[in-house]
Amino acid sequence: MQIKIYYEDTDAGGIVYHANYLNYCERARSEFFFRKGKLPIINDSHFVVRKMDCDFVASAKFADNITVSTKCIEIKKASFSVYHEIKRENTLLFKATVLLVLVNNGKVKRIDEEVKNTLENLFNENENN
């Protein structure tokens, strides 16, 4: 996913504010669903972030064009993990591993075969494009 850095994304020095990298990753995860005409809400359930491991490697700046990539690492019984990279051309700016848990009414829910197949199809199709 391509993103243009606007002034609103930056601090007073023109450098992207750290929390915005998380927003860019969230957008990229949502795009997986949107590109296939789906919502990231499945059978009245949705995924919430349970854990993140982030590494802020370098800074994006005002007017940069960045690329956010997302790869599914693993699908478990009630969660899935993704790996994100944000780059400016070939320069790595940010990377994160994110664990997302399926919840319904605030309670963890098992990923059934339908949801697992949906996730696998979404991520596999993205890798082939």
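This is a short tour of a predicted model, stop by stop.

**Stop 1: helix α1**

Select residues 18–34. This is helix α1, with 17 residues. From first C-alpha to last, α1 reaches 25 Å, close to the 24 Å expected at 1.5 Å a residue. Now colour the buried positions of α1: Asn20, Tyr21, Tyr24, Cys25, Ala28, Arg29, Ser30, Phe32 and Phe33. Keep Tyr24, Cys25 and Arg29 in view; each is buried and each returns below.

**Stop 2**

Show Glu26 and Arg29. They form a salt bridge, with the closest N and O atoms 2.5 Å apart. How far apart are Glu26 and Arg29 along helix α1? They are three residues apart, so about one helical turn separates them. In general, an α-helix has 3.6 residues a turn, so residues three or four places apart point the same way. Glu26 is partly exposed at 40% relative accessibility, whereas Arg29 is buried at 7%.

Next, select Glu31 and Arg35. Here is another salt bridge, its closest N and O atoms 3.8 Å apart. Glu31 counts as partly exposed, at 26% relative accessibility.

Jump to Glu74 and Lys76. Their side chains meet in a salt bridge at 4.0 Å, N to O. Both ends are partly exposed: Lys76 has a relative accessible area of 47%, and Glu74 has 38%. The structure holds five salt bridges, including these pairs.

**Stop 2: the rings**

Switch to the aromatic side chains. The count comes to six aromatic pairs. Pick Phe47 and Phe80. Their ring centres are 4.8 Å apart and their planes stand at 90°, so the pair is edge-to-face. Which parts of the chain does this pair link? Phe47 sits in strand β3 (residues 45–56) and Phe80 in strand β5 (residues 79–88), 33 residues apart. Phe47 is buried at 15% relative accessible area. Phe80 is buried too, at 4%.

Then select Tyr21, Tyr24, Phe56 and Phe94. Ring pairs link these four into a cluster. Tyr21 and Tyr24 bring you back to the buried list of α1.

**Stop 3: the nonpolar core**

In soluble globular proteins, nonpolar side chains tend to be buried together. Here the largest nonpolar core has 29 residues. Select the members with the most contacts inside it: Tyr24, Phe47, Ile66, Phe80, Ile86 and Leu119. Which elements each supply at least two residues of this core? They are α1, β4 (65–75), β5, β6 (91–104) and α2 (113–127).

Centre the view on Phe80. Leaving aside neighbours within four places in sequence, Phe80 is in contact with Phe47, Cys72, Glu74, Ile75, Val98, Leu99, Leu100, Leu119 and Phe123. Phe47 is its ring partner. Glu74 is the salt-bridge partner of Lys76.

**Stop 4: the cysteines**

Cys54 is partly exposed, at 30% relative accessibility.

Move to Cys72, one of the contacts of Phe80. Cys72 is buried, with a relative accessible area of 15%.

Methods: Residues are numbered from 1 along each chain as its sequence is written. This is a predicted model: local features need pLDDT of at least 70, side-chain atom pairs count only at pLDDT 80 or more; totals for chains, interfaces and linings use all residues. Side-chain values use heavy atoms; hydrogens and water are left out. Helices (H or I, at least four residues) and strands (E, at least two) are DSSP runs, numbered from the N terminus. The expected span of a helix is 1.5 Å times one less than its number of residues. Buried means under 20% relative accessible area, exposed over 50%, partly exposed in between (1.4 Å probe, protein chains only). Rings of Phe, Tyr and Trp (its six-membered ring) pair if their centres lie within 6.5 Å; planes under 30 degrees apart count as stacked, over 60 as edge-to-face and the rest as tilted. A nonpolar core is a set of buried Ala, Val, Leu, Ile, Met, Phe, Trp, Tyr and Cys residues joined through side-chain atoms within 4.5 Å. Contact means heavy atoms within 4.5 Å.
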